[in-house]
Amino acid sequence: MTLTPEQQAEIDELRATPRPTLRAVSEGMEGHLYKANPVLDHGFVRVIDYMGDDAAICQAARVSYGRGTKAVSNDEGLIRYLMRHWHSTPFEMCEVKLHVKLPVFVARQWIRHRTANVNEYSARYSILDREFYIPEPEKLAAQSVTNNQGRGEALGPEEGARVLEWLKADAARAYDHYEAMIGQDGQQGLARELARMNLPANIYTQWYWKVDLHNLFHFLRLRADAHAQYEIRVYAEEICRLVKDWVPHAYAAFEDYRLGGATLSGKALECLRRMLAGEAVTQETSGMSKGEWREFQAVLG
Ligand SMILES: Cc1cc2nc3c(=O)[nH]c(=O)nc-3n(C[C@H](O)[C@H](O)[C@H](O)COP(=O)(O)OP(=O)(O)OC[C@H]3O[C@@H](n4cnc5c(N)ncnc54)[C@H](O)[C@@H]3O)c2cc1C
């Protein structure tokens, strides 16, 4: 991750000037405010602002006048109840605004989550930095043979080295041409909005991303999942760490019911009941397809 000394100084200055407030404050989140948490080779996630804490979720659920907290254990139980019963709107009362630096191909997956507010760095107005995501050699893997949407075994050292060399050389060549096209030395210089079109999808972009906690949990459930692509999963995992410190009870309930939990179909539930009654159920007698059965077996471990 590269922060310039000026960017770091701005962050340090913000952290050095605390102000008293009457608003709900999460001590865990205050510790993270403004700091850049590195992700991938040049990326980061920073908390720019947040609203609410665990108590705010309960306050909204009870529609209280004051903080509304009778006891911390009551709040924890209420939050678990709300999560268990998909009572989602109290979680929408908490919001977070993040500054994220991420490769463009990761941003394409991320932007599909429509329930957030986004403002992206303008490559029409500004010149993009010469920063490209180059995977660690052990992350270079072959197409998976079991999952069309994923990667399988790591590439051998020779093939891996060749791929890395191409990734670096292509990025450097494309950026050299980008610079040459926008340059105004002895030429008019192509507009930035056009010159950017030959840049590869592993170049880094940045955005501010604001989302409420309910929709953030939805994002995290999909993108912190083992099936999500590694390059977006590492961002989701970093955000999980921030959310855990921000709203510890809500995060614990999310981890238990959503990340660690599973949803069973009616057929799967019926099979489970038959198994518990001592019957040896097979895929053929389950009424489930091969894919469903495989996933059911994975849930059962
Ligand atoms: C493992 C994985 C593989 C994927 N593969 C592909 C792929 O191959 N191709 C592809 O195109 N996408 C793919 N996606 C993206 C996926 O289909 C979703 O677009 C993405 O995960 C965002 O989910 P979402 O719409 O639920 O989230 P959000 O946009 O955040 O929406 C959250 C929820 O709000 C509601 N909502 C939001 N907007 C609307 C609306 N306009 N109308 C009705 N309800 C709405 C829905 O209930 C939705 O679930 C993949 C995602 C994952 C996690």
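Author: Helices (H or I, at least four residues) and strands (E, at least two) are here DSSP runs, numbered from the N terminus. This is a predicted model, in which local features need pLDDT of at least 70 and side-chain atom pairs count only at pLDDT 80 or more, while totals for chains, interfaces and linings use all residues. Residues are numbered from 1 along each chain as its sequence is written.

For "active site", an unreviewed UniProt entry lists Arg223; UniProt positions are given in the numbering used here, feature names are shortened, and annotations may be inferred rather than shown by experiment. Arg223 lies in helix H8, which covers residues 213-223. A residue is buried if 20 or more other C-beta atoms lie within 10 Å of its own, exposed if 12 or fewer, and partly exposed in between, with C-beta atoms placed from the backbone. Arg223 counts as buried because 22 other C-beta atoms lie within 10 Å.

Two residues are in contact if their C-beta atoms, placed from the backbone, lie within 7 Å. Once neighbours within four places in sequence are left aside, Arg223 is in contact with Ala228, Ile232, Arg233 and Ala236, and, under that same exclusion, Leu216 is in contact with Val96, Val211 and Val243.

Leu216 also belongs to the largest nonpolar core, of 49 residues, where Leu216 is among those with the most contacts inside it, along with Ile79, Tyr235 and Ala250; such a core is a set of buried Ala, Val, Leu, Ile, Met, Phe, Trp, Tyr and Cys residues joined through C-beta atoms within 7 Å. Helix H9 (residues 230-246) gives the largest share of this core, eight residues.
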